[in-house]
Amino acid sequence: MTVDAEKFLRAEGGRLVNGAGREVLLRGVGFGSWFLPEGYMWKFPDGGDRPRRIEAMIRELVGEEKAVLFWETYYDRYVTEADIEQIAAEGFNSVRVPLNARFLLDDEGTCREDRLRRIDELLGWCRKHEIYAILDLHGAPGGQTGTNIDDSERDLPELFTDERNRELTIGIWRALAERYKEEWIVAGYDLLNEPLPEWFSSYNDQIMPLYEDIVRSIREVDGRHMIILEGAHWATDWSVFSGEPIDSNVMLQFHKYWNVPDTASIRQYIEAGARWNAPIFMGEGGENNTDWYAGAFRLFEDHHISWNFWTWKKMETTNSPYSVRMPEDWPLLVTYLEGGPKPDAETAWAALSTYLDNLPLDRCDYRPEVVRSLFRQPNARIPAIFYRNAEEGVGFGFGEGSDRRDSEFGEERRRGGGGLGFRDADGTDIRFVDSEREKPNFQHMRGEAWASDEWLCVRLAPGDWLAYDVEVPEVAREGAGLTLRMRGIGGGAGAGDSGTGAVEVLRESGEAGVLEPIGAVRIPDEAESWIDAKLAGRLSGRPSAQRIVIRAAGRSVDVQWIKLDL
């Protein structure tokens, strides 16, 4: 087997493996808005929410000739080798590349050679830096979704109502497969992004027949690359996969935004993957705050699910790794799209040119806290509720004689009653810090912080413990410290207890399951208010994730978050 052959990815026995049979977990980012511009990433209103509307605005403002110049420069600058190099340096190993049919096809329905060369160039950078690329048909001919995200012309899923669009879609995939069949750096073919929201579900019975026809055409020219299939309704409805697998080399994809990040919320995907004996992939998730990232993306890893973060860069943001600076006169374009006055051509071109100048990575604002949270690396804050997603004795545990293990409270939660709708089956004591809310809120689309009444904590009785996986890279020569936000609750565990308590911190040694103490954080006798306590010991750098355990001793304690400190 050649070296390149060993690098091809494939689905095997429910796992994603390379040609040598070694399991691979994809950790990637999406290139949203590059080959399919999305208006919200430009801070545009509905009048500029999709490529065709943005293109029309630019033509109206500066004319056809400058519009052509704008778009060629845009494609040149939005992603360059510098982006791929930085993605690799951050520790990601893959990118998802959204493609728009209108970007790819000429008027005759043939893939444009100049556009394919742009993909070739990207794959060359990816090959150099060993970053796998997933080709994603984000906007199929006619639109597979019928909304702005697929560049729909009439807000209808005309891929499923016009046979010509169906033929063009099959043709696109055949052309891509023919061109890239020998490219190991292409991880797989993501056939359709988020087909058919529920209000167009009457067409759902067409999804699998179309998938089958696309796969049949791909396999006529490419028998090697993995096929990636998404469910309906923003890739969350997997009822379309109720039948038999349509290919032996398939990965199933779901997306996850703005909701509860626990095992119960993804169980349907885990079970469907098991039925198909196929690996599963969280192909889009993000657009939230860093606290949610620290929980959701570790959830995927706890279940050996590959993932892709959405998105790498966008305008004026705090919740993507890179933020494009807004030009001073940009609001004039926004106002025009809202029906306001038309800027003169000179002003409009100045704003658009500044935007192009701001696209390269070295002109963007870096948000390292986003990546640190995704990987749980130093400077990441991990809400205590996001302990390891595993069964009792692995992800969490109760002390001897704890009133949690066999209590009515624990049993009621494990049966799904009386809880918050988040990790209820664990039976742990998750509660609001200070709130009259009944259910948690995980919808923070612009990255806004949790409000004071949205924070949750975990109450630990003496002996109760929680486990967390964290990453401290070896390049962190002095390792990482640990800070806990916590408060003592009442007195000690037994009669006559002084009320002195502590949270002990342990680390799993090189031998699985063997814990070694790092130190303890003491709670002052009188402390029943929140304190931020630093651990005296430090976590040393390691080449892979390490598990730490926090355990209450001598007194009940509420833990709100832990933070890795440099």
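**Exercise 1. Describe the open sheet formed by β11, β12 and β13 in this predicted model.**

Step 1. The strand order is β11-β12-β13, and the pairing is mixed. Strands are DSSP runs of E with at least two residues, helices are runs of H or I with at least four, and both are numbered from the N terminus. Two strands pair if DSSP finds at least two bridges between them.

Step 2. β11 (313-315) and β13 (365-366) are the edge strands; each has a single partner strand, so one side of each lacks a neighbour in the sheet.

Step 3. β11 and β12 (residues 322-324) run parallel and are joined by three bridges. Within β12, Y322 is the bridge partner of K313.

Basis of the model: this is a prediction, in which local features need pLDDT of at least 70 and side-chain atom pairs count only at pLDDT 80 or more, while totals for chains, interfaces and linings use all residues. Residues are numbered from 1 along each chain as its sequence is written, and side-chain values use heavy atoms, with hydrogens and water left out.

**Exercise 2. Locate the cis peptide bond and the positive phi of L196.**

Step 1. W310 and T311 are joined by a cis peptide bond, with omega about 10°. T311 lies in the loop between β10 (306-310) and β11.

Step 2. L196 is not a glycine, yet its phi is positive, about 55°. This residue, L196, sits in the loop between β6 (186-190) and α8 (207-219).

**Exercise 3. Characterise the largest cavity and its lining.**

Step 1. There is one cavity of 30 Å³ or more. A cavity is a set of points, on a 1 Å grid over the protein atoms alone, where a 1.4 Å probe fits but cannot get out; lining residues have an atom within 4 Å of a point.

Step 2. The volume of the largest cavity is about 40 Å³, where grid points are joined across faces, edges and corners and volume is the space filled by probe spheres set on the points.

Step 3. The lining has 12 residues, and F398, T428, R459, L460 and D464 are the closest to the centre.

Step 4. β15 (396-397), β17 (456-460) and β18 (465-470) each supply at least two lining residues; β17 gives the most, with three.

How values were computed: On a 1 Å grid over the protein atoms alone, a cavity is a set of points where a 1.4 Å probe fits but cannot get out, and a pocket is an open set with protein on both sides within 12 Å along at least five of seven lines; lining residues have an atom within 4 Å of a point.
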